[in-house]
Amino acid sequence: MSSPTKHWTHSREETMPSLVPRAGKPSWLEKLFQQIHVPGELALPSGRIVPLGQGAPRFRITVHRKELLRRPQDELSLGEAYLNGELDLEGDMLSILEVRKQFLDRTHFASRLRFLADRLFTPVSRSHKKVIDRHYTIGNDFFFKFLDTRYRLYSHCLFQREDEALEQAAERKLEKTLQGLELRPGMRLLDIGAGWGGTFEYFCPRGIKLTGLTLFQNSYDYIRDLIERNHFQATVLLEDFFDYRTEEPFDAIVTYGVIEHMPEYRRFFERVWSCLKPGGKIYMDGSASKQKYDMSQFSRKYVWQGAHSPMCLQDLVQEALFYGFNVLEVKDESHDYALTILNWARRLDLHRDEIVRQWGEKLYRIFRLFLWSGAPAFLGDQAQAYHVLARRGAQPGSRPGVPGRIAAFVKQII
């Protein structure tokens, strides 16, 4: 696999025969790249090289099966062709994925049916466990190939500069969380979805008493070992947040990149309310979309199966207000997520041979598409990212009943 910055050394003149008029029309893929003027090359099953755009080629798409050129493909079918080795992508992945927004992401009936079954007929706690099991049981070492090496955060980091090291950006995120939650030594913090213990390594040495919840065994084992080795005053539990009960409410709660696994916001804030002291704060962040459950069919099928949803900010804030939380801060961090996922994608490619050897070519290709496609999505407003900081009030909020909701809807449309 070539590096993302590879340029081919042959000249454009070597491909001139492809410009000679020929029988038939250009393929839909040729037309697509010519429309957006991204310079690259299309290698056809016949061996002919077709130049795309103007200037030095930034990438090459090699098509091994001619049927792919006969009719337009959508994002899912083209992604599956890449997973199955029917086409290869070399060079600058960002240039290749400039065309992503041009694809029609058709709704596939089987995928929609699986999603509806998970959403409507699977108990919430079981649904959460299914999403986690399908994604995270690959093994810790796989994710450590591309996450930051210091805190292993599987959510976006916060950058001051475009070229800043991922590890420094990860530490800045934890610093901002410490400041936002106003944590002091001796305070009790609940981490919902504790990942691989990054919060433990940052907060525990600062005197914070931390309890972490996780749903996958690899995370639990890793954090338990981390606690024992460092003699942290901390606890990790293998338990769903919706089932968790505490005798003493916490001073603060943090959850990084986990709200996407818990789209039941009404139940979420009901549980957060019961776990926080009056005046306690919650810091939450994650990837977002403008409509709830809006995900590409490729991600839904191969990366985040089940009832998973990017954060829907308007719904999240509404439920926080209904449950008596004061929303102190909402910050757009889409650019930070773009930089984070770009770092992950580059690190994944650097470890390609190890990953293929240990986990197989298909898994590498799944995550390669998933990560590289994330950067242009965040930069092009196809996806967003936010952090939300809220404080629990003294009294529960006033949730409007059905008549109140109907009245509010009527006011909006007249």
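Glu-248 is partly exposed, at 42% relative accessibility. In this predicted model, the side chain of Glu-248 forms a salt bridge with Arg-188, at 4.0 Å from N to O. Arg-188 lies in strand E5 (residues 188-192) and Glu-248 in the loop between strand E7 (234-238) and strand E8 (250-256), so this contact ties together parts 60 residues apart in sequence. Arg-188 itself counts as buried because its relative accessibility is 17%, under the 20% limit. Arg-188 also lies over the face of Phe-250, at 4.1 Å from the ring centre.

**Salt bridges**

The whole structure holds 22 salt bridges.

| Pair | N to O distance | Separation in sequence |
|---|---|---|
| Arg-188 and Glu-248 | 4.0 Å | 60 residues |

Asp-88 and Arg-365 are both buried. They belong to a network of salt bridges that also takes in Arg-352, Asp-353 and Glu-361. Arg-365 has a further contact: it lies over the face of Tyr-82, at 4.5 Å from the ring centre.

Glu-354 is partly exposed, with a relative accessible area of 32%, whereas Lys-145 counts as buried at 18%.

**Aromatic pairs**

The count of aromatic pairs is 34. One of them joins Phe-142 and Trp-359 edge-to-face, with 5.4 Å between centres and 75° between planes. Because Phe-142 lies in helix H6 (residues 140-144) and Trp-359 in helix H14 (residues 352-359), the pair ties together parts 217 residues apart in sequence. Phe-142 is buried, at 0% relative accessibility.

Phe-143 and Phe-367 also form an edge-to-face pair, 6.1 Å centre to centre and with 85° between the planes. Phe-143 is in helix H6 and Phe-367 in helix H15 (residues 361-379), so the parts tied together are 224 residues apart in sequence. Phe-143 and Phe-367 are both buried.

**Cysteines**

The number of disulfides is zero. Cys-204 counts as buried at 11% relative accessibility, and Cys-275 is buried with a relative accessible area of 0%.

Terms used
Residues numbered from 1 in each chain as written. Predicted model: local features only at pLDDT ≥ 70, side-chain atom pairs only at ≥ 80, totals over all residues. Heavy atoms only, no water. Disulfide = S-S within 2.5 Å. Buried < 20%, exposed > 50% of the residue type's maximum accessible area, 1.4 Å probe, protein only. Phe/Tyr/Trp six-rings, centres within 6.5 Å; stacked < 30°, edge-to-face > 60°. Helix = DSSP H or I, 4+ residues; strand = E, 2+ residues; numbered from the N terminus. Lys NZ or Arg CZ within 6 Å of the ring centre and 35° of its normal.
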